[in-house]
Amino acid sequence: MYTEDPFRGEVARHIRDAFQNPQATDPKLDRQGQPITKKFPGNYDVIPRAPLTRRANSELAPDGVLLNGKNRTQMTWYCPNLTGAGPGKECDEYPFRSAFQALGVEGSMVNNVWTPTFNASLRMVSEAHDEAAGFDLGAFYSRYRVFTSSSREGGAGNWPSNAFWVRIRAGAPPS
């Protein structure tokens, strides 16, 4: 992705900012008002490269609830309060909604209750940029055969078929 892409640049700048300064991203506090420590996976330009891992829409959390619902719950809670919310804007998220690392999806069971990590960045961007970037992500999954899987784990040189990374470049895309 390119930061000055006229059709997706807002999303690219959002991801770049998340990679460069994760603690400055929204949300800064969890739903109990505690600060969130963040470190985002999926950055191609950082070694070691922790991947994002694509998941199926029908994936369930250990408590039996759809992970998509857990993501939607957190988005509904945080997005309306973000700076810049309004007509023509959408709430962009990184890690992507389709990843195991998405807001509300990554987490663990604590006292038999699903507890999300809140390791995510949310930002209001134009609807057009958000939709174009989402379309491109789907095309990327198809072109590079990034399959859905129930496996989030992998290892150096042995990544699962659902692992992928993001590279953000400064400037405009090549013509």
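Predicted model: local features only at pLDDT ≥ 70, side-chain atom pairs only at ≥ 80, totals over all residues.
Colleague: Which elements have the lowest and the highest mean pLDDT?

Modeller: Strand β4, residues 113-116, has the lowest mean at 82, while α1 has the highest at 98.

Colleague: Okay, on to the cysteines. Why is the link of cysteine 79 and cysteine 91 called a disulfide?

Modeller: Two cysteine sulfur atoms count as a disulfide when they are within 2.5 Å. For cysteine 79 and cysteine 91 the S to S distance is 2.0 Å, so the pair meets that cut-off. The structure holds one disulfide.

Colleague: What parts does the pair tie together?

Modeller: Cysteine 79 sits in the loop between α2 (67-78) and β2, and cysteine 91 is in strand β2 itself, so the link ties together parts twelve residues apart in sequence.

Colleague: And what is the handedness of that link?

Modeller: Left-handed, with -65 degrees about the S-S bond.

Colleague: Are cysteine 79 and cysteine 91 buried or exposed?

Modeller: Both cysteine 79 and cysteine 91 are buried. That label calls for under 20% relative accessible area.

Colleague: Now the pockets. How do you know where there is empty space?

Modeller: You roll a probe the size of a water molecule over the atoms, and that shows where space is left empty. In this model, the largest pocket has about 530 Å³ of space. It is lined by 20 residues, and the closest to its centre are Met1, Asp136, Leu137, Phe140 and Arg167.

Colleague: Which element gives the most to that lining of the largest pocket?

Modeller: α3, with six residues. Both α1 (9-20) and α3 (127-143) supply at least two residues each.

Colleague: What classes of residue make up the lining of the largest pocket?

Modeller: There are 14 nonpolar and six charged residues, and no polar ones.

Colleague: How much space lies in the second largest pocket?

Modeller: About 330 Å³. Of its 15 lining residues, Asp92, Arg97, Asp130, Gly134 and Leu137 are the closest to the centre. β2 (89-94) and α3 each give two or more residues to this lining, and the largest share, seven residues, comes from α3.

Note on methods: Residues numbered from 1 in each chain as written. Heavy atoms only, no water. 1 Å grid on protein atoms, 1.4 Å probe; cavity = no way out; pocket = protein on both sides within 12 Å on 5 of 7 lines; lining within 4 Å. Points joined across faces, edges and corners; volume = space filled by probe spheres on them. Helix = DSSP H or I, 4+ residues; strand = E, 2+ residues; numbered from the N terminus. Nonpolar A, V, L, I, M, F, W, Y, C, P; charged D, E, K, R; others polar. Buried < 20%, exposed > 50% of the residue type's maximum accessible area, 1.4 Å probe, protein only. pLDDT = per-residue confidence, 0-100.
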